[in-house]
Every structure is written in structure tokens, then in C-alpha cells.
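Here is a short tour of one protein chain, written to be read with the model open beside you. Take a look at the structure, and then we can walk through a few of its features together.

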Amino acid sequence: MNIFYKDGEIATRNLSQGIRVYDERLIQDGAEEYRIWNPRRSKLAAALLNGLEGLELNNDSKVLYLGASTGTTVSHISDICDDGLIYAVEFSPVSMKKLVRLSQKRNNIMPLLADATKPKYYLNKVEKVDLVYCDVAQEKQSELFMDNMDLFLKEDGQGLITIKARSIDVIQKPKKIFKDEAKKIKENGYSILEKIKLEPYEKDHIAFLVEKSF
Ligand SMILES: C[S@@+](CC[C@H](N)C(=O)[O-])C[C@H]1O[C@@H](n2cnc3c(N)ncnc32)[C@H](O)[C@@H]1O
């Protein structure tokens, strides 16, 4: 995979050299430029630094990204899948403006202003994908994650969801919330391959890497 680990940090090779997407550090190494991937700004970076190892992202992977925001994490996936495509779904018009600007500099990002709870609205725009990534911080995030996987995930594809306990219930213990969300996912025909807590980067968050059960 196109992810580089050094001295406790991770980085991706910059697809649009000289251009920063957020406040990330750029490192030049010969002809290549790398973007340091900040785990406090991206839950995928936090999961990778905390040991996520089974994620399959190739340079030609197709990704459906739910909750793209302004494109912080999307931009690193765009570096990794330089010959692939990221369908980046976001329902905030304010974030979408930045995401559209990002997609103008990177031709492997397709921004979609849409509500991820209504995947049928983008059914004719999105093809089958290798990865469904979900980071919407919503109460019904597991449900919308599974609805999207049911429609768009290839048979041998993977899903990755980050769950923020407080978005689901502010009173319940995170451990119980994570257990209940895992149960829902398993009951709906998916297996959980890895469970990665995101501390110290994000409090009371977990990431689940999933695939279809056979
Ligand atoms: C935690 S932020 C995502 C950060 C982003 N994934 C990153 O790492 O750069 C959650 C985003 O999900 C978006 N969102 C929440 N519910 C959504 C929905 N139903 N459909 C589409 N986007 C949604 C929010 O507007 C927000 O931008």
C-alpha cells in the first residue's frame, strides 16, 4: 500500500506536488514529495497508527467515502489510490465548496452533494467499490453504512466505519455502545475483521474494518 511509516509518523506521496490540503507538513525526498498524515485530523491515520493492518487499498481502488467534509482524509486516500476513484459524499454545502476545489486539483475525487442516508439518490452515479468508508458521526451511522455497503460494495470489498460513542448516546458507556454497534453489523451479514480504538488521538472512538460474511 502507498502509505509510508517513519519515526512514528505516517505519510502519503503527494499527488498534487507543492499543494497543501490542510496544515499538513510537506517533506521532499528526491523527486517525490510526501504529506505527513495527521492522526488528530484524520481518524483513518489514527487507526493506522494504532495498528490497523488488514485494510486493502491499492493504487486503482474505488472508494465510496461517506462524510467527506472538506476532504482532509479524502485527500490522503486520493494520494494512495492515485489511479483509482473516490466518490466523496457530503451533505453540507459549506464543506462541499472546499471539496469541489480539492477535486479540481485531483482528478480521482468525485464530490457528491448528497445525504448518505439516502443512497438511492446517487445510485446512478456510483459504481461498485472496493471500500465503503464511513465517518459521519451520526446516531444512525451503522445503519447508513450498511445500507451503502449493501448497494455499492463489491463481493470481496471491505468497509471501514469510525464510531464516535457520544454521537450515538451521551449517557451510555462507550464500551456498551461499541458492543451494540458491532452486534448490529454482524446481524446484518457482515464480519468484523478488526476493531481499533482511536485513543489518544480521538477520545471514545473506535474503527471497525468489516467484510461481507460468507
Ligand atoms: C467527522 S466529519 C468527517 C471528517 C472527514 N471524514 C475527514 O476525516 O476529513 C463528519 C462529516 O459528515 C457529514 N455528514 C453527517 N451526516 C451526513 C449524511 N447523512 N450525509 C452526508 N454527510 C453527512 C458532516 O457534514 C461532516 O462533514
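Ala 88 has Pro 111 of strand 7 as its bridge partner. Between strand 6 (residues 85-90) and strand 7 (residues 109-113) there are 5 bridges, and the two strands run parallel. Helix 3 (residues 93-105) carries the chain from strand 6 to strand 7 in a right-handed β-α-β crossover. Right-handed here means that, with the strands pointing away from the viewer, the path from the first strand over the helix to the second runs clockwise. Strands (E, at least two residues) and helices (H or I, at least four) are DSSP runs numbered from the N terminus, and two strands pair if DSSP finds at least two bridges between them.

## How the model was read

This is a predicted model: local features need pLDDT of at least 70, side-chain atom pairs count only at pLDDT 80 or more, and totals for chains, interfaces and linings use all residues. Residues are numbered from 1 along each chain as its sequence is written, and side-chain values use heavy atoms, with hydrogens and water left out.

## Backbone details in loops

Glu 199 and Pro 200 are joined by a cis peptide bond, with omega about 5°. Pro 200 sits in the loop between strand 10 (190-197) and strand 11 (205-212).

Ser 69 is not a glycine, yet its phi is positive, about 50°. You will find Ser 69 in the loop between strand 5 (62-66) and helix 2 (72-80). Ala 137 also has a positive phi, near 50°, and lies in the loop between strand 8 (129-134) and helix 4 (141-152). Most residues other than glycine have a negative phi, and most peptide bonds are trans.
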